[in-house]
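Dear colleague,

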Amino acid sequence: VFDFRENSLQAVFAKIENEHIIYVLEHYNEVPYRIRNPKQYLRTALYNSVFEINNAAANLYSATEGGRP
């Protein structure tokens, strides 16, 4: 049985590198609200960090090359 969602999640988590973990941990203490489920928060934050860091890098490149961010 092929589960696209499970395979896509595994693919995203396979892309996590040291910079993603550092990014999440640096921002963890800056959250302005109480985190009720830290394990789930960290899991979600790590997942999202893959896209956030990649988008930030693309925006920076676009801005420095004179393109639209």
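The notes below go from the chain as a whole to a few of its residues.

Please bear in mind that this is a predicted model, in which local features need pLDDT of at least 70 and side-chain atom pairs count only at pLDDT 80 or more, while totals for chains, interfaces and linings use all residues. Residues are numbered from 1 along each chain as its sequence is written, and side-chain values use heavy atoms, with hydrogens and water left out.

The chain has 3 helices and 0 strands, and its elements run α-α-α from the N terminus on; helices (H or I, at least four residues) and strands (E, at least two) are DSSP runs, numbered from the N terminus. Of its 69 residues, 14% count as buried, where buried means under 20% relative accessible area, exposed over 50%, and partly exposed in between (1.4 Å probe, protein chains only). The chain exposes about 5900 Å², with carbon and sulfur atoms supplying 55% of that area, as computed by the Shrake-Rupley method with a 1.4 Å probe, where for residues only the protein chains shown count as cover. Among contacts (heavy atoms within 4.5 Å) in the chain with a separation of 6 or more, 61% involve residues 24 or more positions apart.

Histidine 20 sits in helix H2 (residues 18-28), and it counts as buried because its relative accessibility is 4%. Leaving aside residues up to four places away in sequence, histidine 20 touches Lys15, Leu46, Ser49, Val50 and Ile53.

The structure also holds 3 aromatic pairs, meaning rings of Phe, Tyr and Trp (its six-membered ring) whose centres lie within 6.5 Å, with planes under 30 degrees apart counted as stacked, over 60 as edge-to-face and the rest as tilted. Tyrosine 28 and tyrosine 41 form an edge-to-face pair, at 5.7 Å centre to centre and with 65 degrees between the planes. Because tyrosine 28 lies in helix H2 and tyrosine 41 in helix H3 (residues 38-64), this pair ties together parts that are 13 residues apart in sequence. Tyrosine 28 is partly exposed at 25% relative accessibility, and tyrosine 41 is partly exposed with a relative accessible area of 23%.

Finally, leucine 9 belongs to helix H1 (residues 4-14) and is partly exposed, with a relative accessible area of 41%. Leucine 9 and tyrosine 47 are 38 residues apart in sequence, and their C-alpha atoms are 8.2 Å apart in space.

With kind regards
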